[in-house]
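My notes follow the display.

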Amino acid sequence: MDQIECVVVGAGVIGLSIARALALEGREVLIMEAEDTFGTHTSSRNSEVIHAGIYYPKDSLKATLCVQGKKLLYEYCELRDIPFKRVGKLIVATNESEIETVTQYISKAAENGVNDLTWLDQKEALELEPEIQCAGAVFSPSTGIIDSHAYMLSLLGDAENAGCIVAYHTSIESIDPDEHGFTLKTGGSHAHKLHTKLLINAAGLRACDVANAITDLDKALIPTPYFAKAHYYSLSGRNPFKHLIYPVAHEAFLGVHVTVDMGGNARFGPDLDWIPDIDYAFDNSRETLFYDAIRRYWPSANQKQLQPGYTGIRPKISGPGEPAADFMVQSEKDHHLRGLVNLFGIESPGLTASLAIAELVKELLVRDA
Ligand SMILES: Cc1cc2nc3c(=O)[nH]c(=O)nc-3n(C[C@H](O)[C@H](O)[C@H](O)COP(=O)(O)OP(=O)(O)OC[C@H]3O[C@@H](n4cnc5c(N)ncnc54)[C@H](O)[C@@H]3O)c2cc1C
């Protein structure tokens, strides 16, 4: 049976970041990816925002890894010439009653070490974004946008240059731990058996399924997966926005925000729709709900300019009505299987946090060795 030092399951942005970090350490790494190329699921179906780290609970993994990851990501983009822009973000109070909530983000962000948020009164906000309607806004200058495909391509290039191999069309079907590591049985067009010392489960929406395929893993440790679909509409015609515009998020539709992509095009989203399993179909009946949400901060919006864009699915581990769960990263300390790291619930800000998540996984493997 073939032997390898380390298998990373999943070639999304998280698996690629981890594989790169481990390969750069001199480890022998194989990425197993069920699809025919990298990044076809959540990593290519998101807002492509480099988040500042404002909203997440203090000391949570989301907060710490987002703030560390943002710094690492900006440095990496500069080093590798990956298209990105520090466009900045306005969190808008659409009326006087929202001002208190919006200003609280300044202290909330400071708890996470993000100290650059400023309050803009109505006049100052309109100077930045003349078409929005607001009573004032909080400005986050360190929020940015990134070409996520170019980023993943660069991660893959780094990993491959350091000797990492990617096996596409390779889906993990069963995992049997032993005292030296794990015997993996793969399906898909490359059915095969191999043994690895280290196993990183970065299978995104299917991470809980992969964990369930590990015999001897205490199944009580595996969270219940939930899927929350997001729709994005793109804006046809002239884009009046230069910054990202976020309203106060009370519920799914009120949180619909404006992002701009690297081409300068605007898109609106995401909304939130709980679904039973992975299904990327676009439900265009949501158009009017989007339009109503957008008009709260952009009164001159024209519904005819909204074009169905794309969908993505949040890999949730907390269900409807429950507080949002933190990222869950389990290693030997949690499950007592040496060499195994499971990553569950890596929803937003996973793209921003990706390089910091890779550092964390590296540290856990060294700690448990
Ligand atoms: C709507 C939405 C908007 C978002 N916006 C942002 C944002 O603006 N900024 C930000 O920082 N983050 C954002 N995120 C979060 C970010 O996109 C994710 O955290 C990140 O893409 C997760 O990457 P991943 O590698 O874990 O998952 P994925 O990209 O889904 O990759 C997992 C891979 O595992 C593979 N796989 C699954 N099962 C198996 C198996 N059995 N065997 C082999 N391979 C398998 C899949 O084919 C897939 O390629 C957003 C997420 C969503 C859903």
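**Domains.** I note that I am working from a predicted model. I looked up the domain assignment, which gives domain 1 as 2-47 + 149-223 + 324-368 and domain 2 as 86-143 + 225-316. I find their C-alpha centres 32 Å apart. At the contact, I count twelve residues of domain 1 against twelve of domain 2. I sorted the domain 1 side of that contact by class and got five nonpolar, five polar and two charged residues.

**Helix pair.** Next I checked how helix α1 (residues 13-24) packs with helix α9 (residues 350-368): the angle is about 40°, and the axes are 8 Å apart. I record the crossing of α1 and α9 as right-handed. On the α1 side I list V13, I14, S17, I18, R20, A21 and L22. They meet residues of α9 including G350, L351, S354 and L355. By class, I get ten nonpolar, three polar and three charged residues for the contact of α1 with α9.

**Ligand shell.** I then asked which of the 41 residues around the ligand come nearest. They are G10, G12, N46, G204 and G350. I see that α1, β18 (306-316) and α9 are the elements giving two or more residues to this shell. By class, I have 18 nonpolar, 17 polar and six charged residues around the ligand. I also note that domain 1 and domain 2 each supply at least three residues to the shell.

Technical notes
Residues are numbered from 1 along each chain as its sequence is written. This is a predicted model: local features need pLDDT of at least 70, side-chain atom pairs count only at pLDDT 80 or more; totals for chains, interfaces and linings use all residues. Axes are lines fitted to C-alpha atoms, for helices over the stretch in contact, and angles run from 0 to 180 degrees between N-to-C directions. Helices (H or I, at least four residues) and strands (E, at least two) are DSSP runs, numbered from the N terminus. A crossing is left-handed if the near helix is turned anticlockwise from the far one by less than a right angle, and right-handed if clockwise. Two residues are in contact if their C-beta atoms, placed from the backbone, lie within 7 Å. Ala, Val, Leu, Ile, Met, Phe, Trp, Tyr, Cys and Pro count as nonpolar, Asp, Glu, Lys and Arg as charged, and the others, Gly among them, as polar. Domain bounds come from an automatic or database domain assignment. A residue is near a molecule or strand if its C-beta atom, placed from the backbone, lies within 6 Å of it.
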